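Student: Please put the structure up, and then we can go through it by question and answer.

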Amino acid sequence: MLLVRVEGARTRQAWCDLLERMCPGLAARPFDAPEVRPEEVRYVLTWGPPPGWLAGLPRLNAIFSLGAGVDHITADPSWPSHVPLVRMGGEEPGQRMGEYLAWACLTLLRHGRTFAIAQAERRWDYKVGEDTARDLTVGIMGMGSLGAAAVPMLRGLGYRVIGWSRSRKALEGVESFAGAEELDAFLVRSDVLVCLLPSTPETAGIVNAGLLARLRPGAGFVNAARGGHVVVPDLVAALDSGQVSGAVLDVFDPEPLPAESPLWSHPKVTVTPHVASVARREARARYVAEAILGFEAGGPLPNLYDPARGY
Ligand code: NDP
Ligand code: OXD
């Protein structure tokens, strides 16, 4: 049996119907269905389960995260870390993240926030910048699977793309920087800094005053990773001083972004509600169904969380 624990009774049922259709022989149930017996549950598909819930399922083969990030599961100190934890993958999340980053970089380049404010005030705010995308370098901090998927789209728009990761990458047309010792060299080259890091103890608060000061003056910033990567007062100070010219933010801590946050009304900030890379339910269900069918046939599970790396 597979249990689905996501928001909304109808949504849970829709997931179950899809998964049963795609995975013959699998019984998929909402987590709160009366017939569920914890010892019969082999798989879970979830986002943000309450602490302790997973620990109450003693015979799990695998946990599937509804998203590519798994911090919403590993934040529970009692989560059963001996159970394989599968991060959401497949082609569609990469396509969608690429689209989001292309839009975010162009929004920064073509003054999207300024024009949105001017339109709301019925003001003709004529503004054309000097740069085109061909003049700019996008630095992707966290050049993993989603970053790599975004590269051809950004390069197609004319941007140069560089990446920073723990291990060095060989991606066509992308200069790769690796490890803490190469972070400064990466930052100083970035006209637009994109954060796509996983949430780990090493990356918490990484976008702080010190890091922002090492960017090119007037750089743009895009966060499509996790809110905890950014020290918000430091970002606001960098925006106010002009060190950062604009920001597009998709993720926050906490979410939803509280009404009193200064980010909502900041004239240089565009806010989106954690929508950068939400693949269609069908695409995600197919990914889960194929993983279960492969596993039941004796194959490996894909895209596993590695407890040693923390992502
Ligand atoms: P990956 O695991 O494929 O990529 C993570 C990258 O970060 C890797 O390149 C990794 O290096 C690098 N990295 C990790 N820790 C460090 C560190 N300490 N220093 C330098 N580099 C580091 O993840 P994905 O690309 O699939 O996803 C990235 C994140 O995006 C997710 O964790 C999630 O938080 C976020 N996300 C946001 C979504 C949204 O809608 N806003 C949707 C989906 C994901 P290496 O390659 O060497 O391991
Ligand atoms: C995430 C996702 O991990 O939406 O943020 O996939």
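Tutor: P256 lies in the loop between β11 and β12, where helices (H or I, at least four residues) and strands (E, at least two) are DSSP runs numbered from the N terminus. This is a predicted model, in which local features need pLDDT of at least 70, side-chain atom pairs count only at pLDDT 80 or more, and totals for chains, interfaces and linings use all residues. Residues are numbered from 1 along each chain as its sequence is written, chains are lettered from A and ligands numbered from 1 in the order in which they are written, and side-chain values use heavy atoms, with hydrogens and water left out.

Student: Is the peptide bond from E255 to P256 cis or trans, and what is omega near?

Tutor: Most peptide bonds are trans. The bond from E255 to P256 is cis, with omega near -5 degrees.

Student: What is omega near for the peptide bond from D253 to P254?

Tutor: P254 is found in the loop between β11 (244-249) and β12 (269-271). The bond that joins D253 to P254 is cis, and its omega is near 5 degrees.

Student: How many helices and strands does the protein chain have?

Tutor: The runs are counted along the protein chain. The count comes to nine helices and twelve strands.

Student: What is the radius of gyration of the protein chain, against that of a compact globule?

Tutor: The radius is taken over C-alpha atoms, and the globule rule is 2.2 Å times the number of residues to the power 0.38. For 311 residues the rule gives a value near 19 Å, which agrees with that of the protein chain, 21 Å.

Student: Is S65 buried or exposed, and at what relative accessibility?

Tutor: S65 is found in strand β4 (residues 62-65). Buried means under 20% relative accessible area, exposed over 50% and partly exposed in between, with a 1.4 Å probe and protein chains only. S65 therefore counts as buried, at 1%.

Student: Which backbone oxygen does the side chain of S65 reach at 2.6 Å?

Tutor: A polar contact is a pair of N or O atoms within 3.5 Å; within protein, one must be able to donate a hydrogen and the other to accept it, and residues adjacent in sequence count only if both atoms are side-chain atoms. A polar atom of the S65 side chain lies 3.2 Å from the backbone oxygen of G69. The backbone oxygen reached at 2.6 Å is that of G67.

Student: Which residues does A102 touch, not counting those up to four places away in sequence?

Tutor: A102 lies in helix α3 (residues 91-109). The C-alpha atoms of A102 and L154 are 5.8 Å apart, although 52 residues separate the two in sequence. With contact meaning heavy atoms within 4.5 Å, the residues that A102 touches are L154 and L157.

Student: What is phi of H111 near?

Tutor: Most residues other than glycine have a negative phi. H111 is found in the loop between α3 and α4 (112-120), and is buried because its relative accessible area is 18%. Phi of H111 is positive, near 60 degrees.

Student: Is N303 buried, partly exposed or exposed?

Tutor: N303 lies in the segment after α9 (281-296), and its phi is a positive value near 50 degrees. The relative accessible area of N303 is 32%, so the residue is partly exposed.
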